[in-house]
Amino acid sequence: MLFFLWGFSCCKISWDSVMRMSLDLRDLFLYEAFLYYNPLLLVTAAVWFWGANLWVFSQSNVNYSKIFDLDQNHLTHKEIWKVATWMTIIVPTSMTSYLYLYSHGEVSWAASQPVLLYTAVAIILIFPFDIFYLSSRFFLLRTLWRIVFPFQASLSILPSRYYSFDAIAFADFFVADILTSMSKVFSDLERSVCRMVHRQAEITASS
C-alpha cells in the first residue's frame, strides 16, 4: 500500500511540475529529465528481468550457480528483486525531486539531483565494507574488469609464471553479451554524464 501511495505521489508531483512550465521550457525540461534518468531506469528494468530469469532457473531446477561459476553466497532471485525494488524507489524519487525543483526555479538544486544519484550508485558499487552484498558487488566488478581489460586472452600464450590473472569464465561472456545488448543505454549514459558536467559548469559560471 505504501509503495502504491509513493508511486501516486511521484506521478502527481511530476505532472504538476510539468504543467507549471511553458511549452518551450517544457520541451527542454523533459529532454533533460529523459537524458539523465533513462539509463538508470533501463538498468532498473534489467535488474527486475534478471531476477525473473533466476526465478525461472530455480523453478526449472537449472543449476545456474555452477554455470556462472558463482560462490555459495550468490544472490537469489528474491535478493535481486529486493535490489530492484530499492532502485525502483530511489531513481524515480530523484527524478521527481529534479522535476519539482526545476519547475519551481531551483535550477542549481535540480541539477544536483542526477549528480548525487550517479555518485551514490558509483560509491555503492565500490564500497569496500561488508554491506550491500559485498561479495556479489565485487564479483560484478571483477567480471567487468576482465571484460574491459581482457589480458587473459592476450597473455594465454605465455607461461603462467609471467601473469596471475583469473581464467576467463562463462560469466564473462554472458555479462559481455548483456552489455553489448545495452549499448544504447551506455550511449545515453555517456551523453547524460557529459550534459551533467556541462550543466554544472554553466551553473558555476552564472553564479
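Of the 207 residues of the protein chain, 30% count as buried, where buried means under 20% relative accessible area, exposed over 50% and partly exposed in between, with a 1.4 Å probe and protein chains only. The model is predicted, so local features need pLDDT of at least 70 and side-chain atom pairs count only at pLDDT 80 or more, while totals for chains, interfaces and linings use all residues. Residues are numbered from 1 along each chain as its sequence is written, and side-chain values use heavy atoms, with hydrogens and water left out.

The protein chain has nine helices and zero strands; helices (H or I, at least four residues) and strands (E, at least two) are DSSP runs numbered from the N terminus. Its accessible surface comes to about 13,500 Å², computed by the Shrake-Rupley method with a 1.4 Å probe, only the protein chains shown counting as cover for residues. Carbon and sulfur atoms hold 70% of that surface. Among contacts with a separation of 6 or more, 68% join residues 24 or more positions apart, a contact being heavy atoms within 4.5 Å.

Helix H4 (residues 77-103) contains Thr 96. H4 has 27 residues and spans 39 Å from its first C-alpha to its last, close to the expected 39 Å; the expected span is 1.5 Å times one less than the number of residues. Gly 105, with a positive phi near 85°, follows H4. Thr 96 is buried at 8% relative accessibility. Leaving aside residues up to four places away in sequence, Thr 96 touches Cys 10, Ile 13 and Ser 14. Thr 96 also lies 8.8 Å from Ser 17, C-alpha to C-alpha, although the two are 79 residues apart in sequence.

A search of the whole structure finds zero of them. For Cys 11, the closest cysteine sulfur is that of Cys 10, at 6.9 Å, which is too far for a bond. Cys 11 is exposed, at 55% relative accessibility.

Side chains of opposite charge can pair when their charged atoms come close. The structure holds five salt bridges, each a side-chain nitrogen of Lys or Arg within 4 Å of a carboxyl oxygen of Asp or Glu. One of them joins Asp 16 and Lys 12 at 2.7 Å, N to O. Both residues lie in helix H1 (residues 2-19), four residues apart, about one turn of the helix. Asp 16 is partly exposed at 34%, and Lys 12 is partly exposed at 42%.

Arg 195 and Glu 32 form another salt bridge, with their closest N and O atoms 2.3 Å apart. This pair links distant parts of the chain, 163 residues apart: Arg 195 is in helix H9 (residues 183-206) and Glu 32 in helix H2 (residues 23-59). Both Arg 195 and Glu 32 are buried.

A further salt bridge joins Arg 146 to Asp 172, the closest N and O atoms being 2.9 Å apart. Arg 146 lies in helix H6 and Asp 172 in helix H8, so the bridge ties together parts 26 residues apart in sequence. Arg 146 is buried at 12%, and Asp 172 is buried at 5%. Salt bridges with shared partners also join Lys 184, Asp 188 and Arg 191 into one network.

Helix H8 (residues 170-181) also holds Phe 170, which is partly exposed at 41%. Phe 170 forms a nonpolar surface patch of about 440 Å² with Val 62, Ile 67, Ile 168 and Phe 173. Patches are made of residues with over 30% relative accessible area and no salt bridge, like charges being joined within 9 Å and nonpolar side chains (Val, Leu, Ile, Met, Phe, Trp, Tyr) within 5 Å.

Notes. A disulfide is a pair of cysteine sulfur atoms within 2.5 Å.
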